Amino acid sequence: MSVTSVPDVDLALVGGGGAASLVLAALDRHRVRGLRVAVVDPVHKRGQDRTWAFWGTPDDDLDPLLSASWDRVEVTTPAGRRLLYLTPLRYAMLRSAPLYARAAEAERRLAAIRIGAAVGRLDDDGQRVRVNAPDGQPLLRARWVLDSRPRPPERAGRTTWLQHFRGWWVEAATPVFDPDRAVLMDFRTRQPARGVSFGYVLPVDSRYALIEYTEFTPGLLTSEAYDRALAGYRDLLGLDPATLRVREVENGVIPMTDGPFVARPSPRVVRLGTAGGATRGSTGFTFSAMHRQAEQVARAVAAGGPPVPAPAYPRRHRWMDAVALRALDAGTVGGPDFFARLFARNPAERVLRFLDGTSTPAEELAVMSTTRLLPMVTATAGDAAARLTARLRPAVPAAPVPAAVTAGVAPDVRPGPDVRPGPDVRPGPDVRPRSDARPGPDARPGSPDGPGRATPARGAADPGAHRPAGHRAEVVDGLDQHGQLLQGPDRPGRADGVDPLVELQADEAGGDRAGQPGDVGHLGQR
């Protein structure tokens with residue numbers, strides 16, 4: 001195909017996952033019209049393939065899409081349980097299907113063209129960007145490209161960890177969850193020798209919740225180890241596996257590193273999502289930054305400017321992430337102690353803004369003053385020395401983020417010796433059966449719409465759209481749209497008493513996976 005015969009557009013979105021979907025929705029919300037837009041991705045994403053959790057103020061734009069939201073959350077350590085009141089903030093859960101649906105509608109209204117192809121190199125001459133297929137054939141030309149394909153940082157970080165997790169979407173036979181509050185972090189899990197682990201519970205209603213086991217460590221676990229850890233956490237919560245049905249399994253890996261992500265690799269290419277630095281290095285949270293940047297892009301375009309958002313986080317936050325990662329990696333600060341002190345000695349709103357990268361310098365000083373001084377001073381000095389040393393040595397390429405471990409689904413497994421709870425652990429009140437909770441008439445097991453319908457949280461959309469209903473996955477020759485083997489009714493790997501499972505490759509980093517890896521003018525200028 002010759003360069004002259006390919007489409008020529010004003011704005012091309014390379015990758016069609018979370019980051020691109022938010023941009024499309026924001027452009028539509030700001031009533032941008034007359035802009036030639038293209039989306040390039042080999043897969044047109046639909047359905048549930050990931051779950052995002054984030055905090056912020058109630059939002060008229062996102063709230064109709066939410067599966068649930070909570071203004072109270074718990075942080076639990078072996079020493080006790082702390083209930084946090086988040087108002088004016090709230091913690092929210094968004095599943096991918098409603099966001100993808102909104103983006104598809106925005107595409108239609110924007111009259112965007114879609115090219116179902118993988119993308120290779122981007123050739124930017126300062127006036128136009130040529131988007132090429134992996135074999136070098138041109139796909140289109142664009143004045144601007146927003147590239148949200150995952151990629152490693154520009155060079156290896158001084159500290160490189162991974163946030164990796166497995167979660168079960170479970171349906172209980174009786175009401176056992178408190179839908180009015182979520183478990184944000186539960187550090188009663190067995191802690192790894194190097195790193196941090198915790199569980200959490202995000203209830204959609206009294207019988208349906210996401211239960212997840214997460215680690216911040218340098219490497220991944222085996223599939224069997226994830227299952228043992230999750231089963232151990234389920235037992236720690238006091239949940240009876242005989243009364244639970246696992247409806248979906250989510251797996252994910254998110255980079256936690258102080259390696260630099262380049263948000264502007266060339267004059268007219270802007271990276272979004274993790275590749276653009278939207279993942280917070282010390283926590284792995286990404287969605288809020290993606291949402292902020294999508295809004296900034298849309299406002300700029302609506303005003304006739306270039307689609308260039310502000311950096312996802314201030315420079316000082318990236319420095320604080322580097323120091324915190326070094327302290328955790330050295331073992332001078334324990335994860336449970338670090339987070340417990342933050343929440344015990346600061347208002348919840350301050351801590352959440354700090355973790356989200358939106359706090360003020362005064363708030364940051366207040367938060368830092370509540371950490372253990374000597375370990376953090378030592379980590380700060382170590383980070384400064386490492387930065388000086390790095391300048392004197394050749395840069396080391398960063399390794400790509402490994403794929404999530406997705407093979408195993410064994411919800412009836414019992415915890416092994418590496419995940420057994422201590423003798424003083426008791427299930428907390430967050431999972432006791434609620435005497436006042438009764439499933440409604442549309443929440444009965446065996447409903448033709450799947451595992452029942454949830455009671456929406458304040459401002460939430462109908463959660464029935466956020467649950468697996470009859471395992472509605474796009475299946476092509478036994479694979480879902482991400483190439484993961486489905487554990488469907490005709491597939492091996494089923495456990496007794498457990499529904500056929502669909503494993504979902506989940507991450508908070510946008511998950512845009514299309515292909516492999518001048519002067520700024522008016523966006524529409526030709």
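The lining of the largest pocket comprises 21 nonpolar, nine polar and 13 charged residues (Ala, Val, Leu, Ile, Met, Phe, Trp, Tyr, Cys and Pro count as nonpolar, Asp, Glu, Lys and Arg as charged, and the others, Gly among them, as polar). The model is predicted: local features need pLDDT of at least 70, side-chain atom pairs count only at pLDDT 80 or more, and totals for chains, interfaces and linings use all residues. Residues are numbered from 1 along each chain as its sequence is written, and side-chain values use heavy atoms, with hydrogens and water left out.

The largest pocket has a volume of about 1,100 Å³. A pocket here is an open set of points on a 1 Å grid over the protein atoms alone, where a 1.4 Å probe fits, with protein on both sides within 12 Å along at least five of seven lines; lining residues have an atom within 4 Å of a point. Volume is the space filled by probe spheres set on the points. The lining has 43 residues, and Arg155, Asp258, Gly259, Pro260 and Phe261 lie nearest the centre. At least two lining residues come from each of β16 (244-257), β17 (269-271), α5 and α9 (373-392). Helix α5 gives the largest share, six residues. Helices (H or I, at least four residues) and strands (E, at least two) are DSSP runs, numbered from the N terminus.

Helix α5 also packs against α9. Their axes come within 8 Å and cross at roughly 110°. Axes are lines fitted to C-alpha atoms, for helices over the stretch in contact, and angles run from 0 to 180 degrees between N-to-C directions. In α5, Trp319, Ala322, Val323, Ala324, Arg326 and Ala327 meet Met376, Ala379, Thr380, Gly382, Asp383, Ala386 and Arg387 of α9; contact means heavy atoms within 4.5 Å. This contact has eight nonpolar, two polar and three charged residues.

Arg316, His317 and Met320 of α5 touch Pro361, Glu364 and Met368 of α8. Three of these contact residues are nonpolar, one is polar and two are charged.

Two backbone features stand apart. Most residues other than glycine have a negative phi, and most peptide bonds are trans. Arginine 31 has a positive phi, near 55°, and sits in the loop between α1 (18-29) and β2 (37-40). The peptide bond from threonine 87 to proline 88 is cis, with omega near 15°. Proline 88 lies in the loop between β6 (80-85) and β7 (90-95).
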